[in-house]
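Biologist: Hi! I'm new to this one, could you walk me through it?
Modeller: Happy to, let's bring it up.

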Amino acid sequence: MYRIVKKRVLNPTVTLMEVEAPAVARKCEPGQFIILRVDENGERIPLTIAAYDREKGTVTIIFQLVGATTEKLNHKEEGEYLQDFVGPLGKATETEGLKRVAVIGGGVGTAIAYPVAKKLHDDGCHVDLIVGFRNKDLIILKEEFEAASTNLIIGTDDGSYGKKALVTDLTVVSMNPIMIDGTGMCGGCRLSVGGETKFACVDGPEFDGHLVDFDEAMARGAMYRDFEMHAREETCNLFKQEVK
Amino acid sequence: MANMRPDKNPMPHQDPQVRSGNFEEVALGYTKEQAIDEAQRCLHCKNMPCVSGCPVKIHIPDFIAKVAEGDFEAAYQIIAQDSALPAVCGRVCPQETQCESKCVRGIKHESVGIGRLERFVADWHNANSTEKPVRPASNGHKVAVIGSGPSGLTCAGDLARKGYEVTVFEALHLAGGVLVYGIPEFRLPKSIVQKEVDGLKELGVKIETNVVVGRSITIDELMEQEGFEAVFIGSGAGLPMFMHIPGENLKGVYSANEFLTRINLMKAYKEGSDTPIMPLKGKKVAVVGGGNVAMDAARCSRRLGADVYIVYRRSEAELPARAEEVEHAKEEGIIFKTLNNPTEILGYNNPEDKRDPKNGSVCGLRCVEMELGEPDASGRRRPIVKEGSEFEMEMDCVIMALGTSPNPLIKSTTKGLEINKRGGIIVNEDGLTSREAVYAGGDAVTGAATVILAMGAGKTAAAAIDEQLSKK
C-alpha cells in the first residue's frame, strides 16, 4: 500500500498528489511514468511522474478528472492509501548536453513538461518554458514553473491571461495511451509513429511529434468513452465534479 | 492384473450450453472411484516410457500405484518430489504429446489418463491435507527470481526447500504470471494458483509485487547492492506479434495478451471491476491464430456473448492448440475458419460526421482462402494463397493471437546479457546466461511455449544455482 502524503487541488478538474513510494522515487527520472491502482477492484492507469523527492521517498502525480478511475482517485485524501503504485516505467527524457531548450506544455500536459524543465534548469541549461491553458482559471503550478525556468511564457486560448496563443508546434511529444501492464506485455498502448507500430510503455512514452499519427491515437484513446461516462454516472454524486 | 478397459475414464465436464455462459471450470475432475479405476489401468512397465515423456520426470507409475491403493496423500508426495505445481500441470500440460504419448496402453487403445490422475491427486491433497510445509533452516545464500510465472515459482520453490533465501520480483500487482493474466479461470481456477503461491510463502519465499526489474531496479543492482548471489530470469512472454496488415490499430483490435489480461487479471467481465472491455454481447469476434492462447481468447469472447470465429491460415490438422481445447471450443459453438488468412482489418468511417464515435472502429475483416503446398522449414505444409479468393466478413472485434517476442526490458538494461536473433536470452544446458551467476528460463529464453517446459527450465536452473552456491 502506498500512502498519500499530500493532496492539492490545482484547479477544478486537476489534482496533485504526493505519494510515498521510495523504490520509485529512488530511480525515477523526468519523462517516465508510473501505473497505479486505487483499490482492489481498480483499473491499472498510467500517469506521468510530475516530481519526485529522493530523500523523502515520494513521487508526485498530477491528474485530470477524465473518467471513473481518476474520479475514484480524486476521492482519496491525505493519509489514505493507494493499492498499487509501480514504476518508474518508460524511458527517461534525454537531457544530457543540452544548453538551451524550449519546453512546451498545454493544460494538464504541463505536468509532464514540468519535471523535464526542472531537470534541465537544475543542470544549468537555459530553459524557455512555454505553457498554455484554455483560460486563466485553469492555470496550474505557476510558481513551480517560475522556479524551473530561465524564461517563462504563459499563454491562454482566450487571452484571459498572458498571450493569446495555442501551443501546437511540438517536436518531442510525450504520449499517454490506454495501457494495462506497462512492461511490454499487452500491446494495448501501440501507436503509429512514422508508419511503424510502437509500444508507448517500452519504446516511449516520448516520440518525435512530427511522426505520431495523432488521429489514430485520439481515436484509440476514446475507445472506452461510453464505459467511462457510465461509470462516472454511477459514482457518488456528492463527489462528482463537472468536467468541462 | 491391470484393469484392461480399453478407453480412459472420461473426464466429467460442465455442459457446453451452460458453460459457454459462465467462467467456471469446464473439467470437473475424477471422483475417487473413477481415479482408482483409472489408476488400475496402468501396467507398471519396468522401463517407464511415460517418465521419459515428462519434462520434469515425475515418477509416474509409482504415484499411480498409490492412487490404485487409495493412498492419495502418498501419491501426492511422490509427485511433489519432482513437480512444484501439480494442480496446475494436471490441468494445463499437453499430456497427450508428453507422458501419455509414450504410454504402452496407448499403442492399441487409449493411454492411461495420467494428467487426469495428477489433477485428482493434487486436488485431493489441497482439499484434505492439513500438513503445512516445513520451512527449512536458512543456508544464508540469497537468490533473486524475476517473474512469478511457472518457471519462477518452480525455481523459487526448489531453492527455498534447500534453505535458500529467495525473493521473487513480480512486475504486476498479483503473483502467478501467465497463470493469472493469461490462462482463463475456466481452465485454471485462480484459487489454485493462489494456493501454490501461498505454499511458497510458507516455505519462506518472499514475493515482492509491483517491482519491474530493469526499471525499478536492475540485475546489477540486485547483485551488487542488495546482496543476491544468483539471479534467475523468468520474465516470460513479451511484446505481442501483429501481422503488419492495414487496420491493426483500429479500435476493437486487441492482442490476445491485452484481451486476456483485461478478463483474467483485471476481471473486466465481473460487476464491480473498474477495468473496461468492449461489450461483446451479440457482436462478432475473429480470433486470428490457432494455438492454445487463440482458443482461450475465443472461449472468453464466447462467454462474453459473442459469435466467435477462429481464423487460421493452415488446416485443422496443423492447429497448434491441444486437441482437447479445440474440441471444447467447438462444443461451445466457436466456428473454425481454417485455411483462411486476413489481409486487412476494415474500419468504419462516416464521411458525413467526423465526430461519429464509431469512426475508427473495426467493422470487418478481409481474408483470402489458402491451400496447403509443400512442407516448409517447420515440417508443416506451407499455406499458399488461392488466386482470386478474397472475401470479406462483418466483424466488430479482432483478436491477434500470433505469439509474442521476448520482453525487451531486461536485455536492454543488463550489460553483457546475450540474446539470440529472435530476442530470446541465450543459455547453456544449465540455464546459465552469458553473465556469471545469472540464469534464465521459460518464455524469456524459448519464446512462447508451455507451462511445463517453463517449469522444467526453472528446475534445471535451481539445481545449477544450488550446485554453484553450495560450493561457496
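This is a predicted model: local features need pLDDT of at least 70, side-chain atom pairs count only at pLDDT 80 or more; totals for chains, interfaces and linings use all residues.

Biologist: Okay, got them. How many bridges join β4(A) to strand β5 of chain A?

Modeller: There are 4 bridges between β4(A) and β5(A), residues 58-64, and the two strands run antiparallel. They form a hairpin with 4 residues between them. In the turn you'll find A:Gly57, which has a positive phi of about 70 degrees.

Biologist: Which way does β4(A) pair with strand β3 of chain A, parallel or antiparallel?

Modeller: Antiparallel, over 4 bridges; strand β3 of chain A covers residues 33-37. To find the place on screen, look for A:Phe33, which stands opposite A:Thr48 in β4(A).

Biologist: Why is strand β4 of chain A described as largely enclosed by the rest of the structure?

Modeller: Because 8 of the 9 residues in strand β4 of chain A, residues 45-53, are buried.

Biologist: Nice. Let's zoom out: what domains does chain A have?

Modeller: The domain assignment gives domain 1 (2-89), domain 2 (100-164) and domain 3 (175-225) of chain A. The C-alpha centres of domain 1 and domain 2 of chain A lie 21 Å apart.

Biologist: And how many residues of domain 1 of chain A are in contact with domain 2 of chain A?

Modeller: 11 residues of domain 1 of chain A, in contact with 11 residues of domain 2 of chain A. On the domain 1 side, β1 (2-11), β4 and β5 of chain A are the elements that give two or more residues. Our strand β4(A) has the largest share of that side, with 4 residues. By class, the domain 1 side has 7 nonpolar, 4 polar and no charged residues.

Biologist: Switching to chain B. What are the domains there?

Modeller: Chain B is assigned domain 1 (16-128), domain 2 (142-238 + 406-470) and domain 3 (240-404). The C-alpha centres of domain 2 and domain 3 of chain B lie 31 Å apart. Where these two touch, 13 residues of domain 2 are in contact with 10 residues of domain 3 of chain B. The domain 2 side divides into 8 nonpolar, 3 polar and 2 charged residues.

Biologist: I'd like to see some helices too. At roughly what angle do helix α9 and helix α18 of chain B cross?

Modeller: Roughly 35 degrees, and their axes come within 7 Å. Helix α9 of chain B is residues 150-161, and helix α18 of chain B is residues 451-470. The crossing of α9(B) past α18(B) is right-handed.

Biologist: Which residues of α9(B) meet α18(B)?

Modeller: Among them are B:Pro150, B:Thr154 and B:Leu159 in α9(B), while the α18(B) side includes B:Val451, B:Ala454 and B:Ile465.

Biologist: Great, thanks for the tour!

Definitions and conventions
Residues are numbered from 1 along each chain as its sequence is written. Chains are lettered from A and ligands numbered from 1 in the order in which they are written. A residue is buried if 20 or more other C-beta atoms lie within 10 Å of its own, exposed if 12 or fewer, and partly exposed in between; C-beta atoms are placed from the backbone. Two strands pair if DSSP finds at least two bridges between them. Axes are lines fitted to C-alpha atoms, for helices over the stretch in contact, and angles run from 0 to 180 degrees between N-to-C directions. A crossing is left-handed if the near helix is turned anticlockwise from the far one by less than a right angle, and right-handed if clockwise. Two residues are in contact if their C-beta atoms, placed from the backbone, lie within 7 Å. Domain bounds come from an automatic or database domain assignment. Ala, Val, Leu, Ile, Met, Phe, Trp, Tyr, Cys and Pro count as nonpolar, Asp, Glu, Lys and Arg as charged, and the others, Gly among them, as polar.
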